[in-house]
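User: I would like to go through the cavities and cores of a protein model, with the reasoning behind each label.

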Amino acid sequence: MKSFFKYFFATICGLFVFTFIAGIIFFAVIAGMASSDKTAPVVKDNSVFVLKMDGTVQECSEEGSPLDILLSSNDMSVMGLNDIVAAIKKAKSHPDIKGIYLEGGLTSYDAPATAQQIRDALKDFRKSGKWIIAYADNYSQQGYYVASVADSVFLNTNGMIELKGIGGKREFMTGLYEKLGVRYQAVRVGKYKSAVESVTRKDMSPENREQTEAYQQGIWKHMLKDMAASRKQLTAEKIDQMVSDSIMAFADPNDYLKGGLIDGLFYPDSIVNVIKKKLNTDDEVNQLLLSDMTAMHAQEDEKGNEVAIYYAFGEIIDQTTSLFSTEHNIIGKETVEDLDKLAENDDVKAVVLRVNSPGGSAVASEQIWHAINRLKAKKPVVVSMGGLAASGGYMISAGANYIFAEPTTITGSIGIFGLVPNFTGLVTDKLGVTFDGTKTNRYTDFEENLVLSNDNAAEIGFMQTYVDRGYESFLKIVANGRKMSRDQVHEIAQGRVWLATDALPIKLVDKLGSIDDAVKKAAELAKVSEYHTKNYPEPADWMTKLMDKTEKKGTYLDEELHAVLGDLYEPFINARRDQQRNRLQTRLPFLLNF
């Protein structure tokens, strides 16, 4: 028996030691994987930057957990707009990089302005005298818009171009809820604040139609103008007519060639010969991918004057609560802490706040605005708007010293709304459930009355007052930040969404320009001529991200949900978010889908 226990405990100890050593080796391997891709590549003469345009682009790149490398089942790459633009600039200045090859055309963008910024960077690249060639099996509308800037645009022999204009249908769920006995009670300020319409109406209100048509037409005209300028044999009017006359996605590929949209049709194996001809070589093409370019321009620890670029993108929320959400969010408390740290950092002479947000929690938005005011008291703050800077996204922008926006930025939406479902028709009328109880004060059960009673006019009145007060606070914030009167802001507010080109003359933005323009302005306001830039928030170390990914398994569950639900995924996730959102919302009045 003694020998049994002796060998038993020896075995247990051996397994423990083995597991411990194996764990150390495992983490060492992952650490090596996490750091190996940061080694700067050797750039050979006659190299080509290959930019694969088949993933998704978000405002700023995020360094994922090393565990993602091992566990991720998603083939779609997520690229940072900041990395893509920086890589194009590096390719422009590097003497051994001779051109850019755009491969693929199905990249997903969160807003037209995101695609436009990549296109603008490519357009600037061509000023160096270097070439750009684009090839894809299929082009989405935004994919073709970006690719059209190339010297030559090629398509698969059996490919398609999905040019179709901007627009589409939205879901109105009111009829469904009527059948279920559910009624949504909406309180809002601003006739254009149409977030509530999907559950309170069966069609678009005239005001919502007016603002939607205005920004859609503005974006489409901008795209037509850009594409026509690059495809010199075409005019904006001709492209528009082609889109109006037929369903371009179903056209014969030869019609794209005859119409001047592309320069050639061939199979993928022929593109290498086109590239070699451009390089004047028969040797193997030296390729540099986005990860290589990112490693080349990785930031160094620079000393001295710093212009900080703080990326605020995604919905503005009070705190992270959903395991199902993998999207980047602006978390109120964390953002306030980050901004306060920048205020105390003596090396930071100015801050560029890069905003790409549809808004969200009114409380979190106002807290961030207050933190920006504290920051502005110590150093200049310049806002650079990305694809969206609307509602709460505009609130956090309004206090800056200066605001830049891209031409196709969607902004404004200065308004507040609240939305509460009422289940009386379902629970009482259909299911026969009734309610009774006692209370110490008249409004002790106000929440139950809002949701489960038709006799709640008083409660709705209080809620409307609450929303009105939030709207007046929003007006005051904008009026103070933009040096306007309350009435001047109200005239252009009321929840209306504006395209940046229309927002400029009404003083919601100061100038149309890029993030580079914003950095230059920030340095000018700080009165510094020698400076470097640094991106914030700073990425967490790989171990923190590894543990975070281990604890939060929402990413992989989310992938399965997306696969099962398909087109119903977004409404499902949005319904879950509604349960977790702050009661008072300064959020864009609809989900934008381009």
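**Cavities and cores**

Analyst: This is a predicted model. Gln211, Ala214, Tyr215, Arg496, Val497, Trp498, Leu499 and Asp502 line the second largest cavity.

User: What makes these count as lining residues of the second largest cavity?

Analyst: A lining residue has an atom within 4 Å of a cavity point, so Gln211 and Asp502, both in the lining, each meet that cut-off. Helix 8 (206-230) and strand 20 (497-499) each supply at least two of the lining residues. The volume of this cavity is about 30 Å³.

User: How is the lining of the second largest cavity divided by class?

Analyst: There are 5 nonpolar, 1 polar and 2 charged residues. Arg496 and Asp502 belong to this lining, and both count as charged because Arg and Asp are in that class.

User: Why does the lining of the largest cavity have polar residues but no charged ones?

Analyst: That lining has 8 nonpolar and 3 polar residues. Strand 6 (131-139) and helix 5 (141-147) each give at least two lining residues, and the volume is about 60 Å³.

User: What makes Ile88 stand out in the largest nonpolar core?

Analyst: Among the 60 residues of that core, Ile88 and Phe49 touch the most other members. Helix 8 contributes the most to this core, with 7 residues. Leaving aside residues up to four places away in sequence, Ile88 touches Phe49, Leu51, Ile100, Ile118, Ala121, Leu122 and Phe125.

Note on methods
Residues numbered from 1 in each chain as written. Predicted model: local features only at pLDDT ≥ 70, side-chain atom pairs only at ≥ 80, totals over all residues. Heavy atoms only, no water. 1 Å grid on protein atoms, 1.4 Å probe; cavity = no way out; pocket = protein on both sides within 12 Å on 5 of 7 lines; lining within 4 Å. Points joined across faces, edges and corners; volume = space filled by probe spheres on them. Helix = DSSP H or I, 4+ residues; strand = E, 2+ residues; numbered from the N terminus. Core = buried A, V, L, I, M, F, W, Y, C linked by side-chain atoms within 4.5 Å. Buried < 20%, exposed > 50% of the residue type's maximum accessible area, 1.4 Å probe, protein only. Contact = heavy atoms within 4.5 Å.
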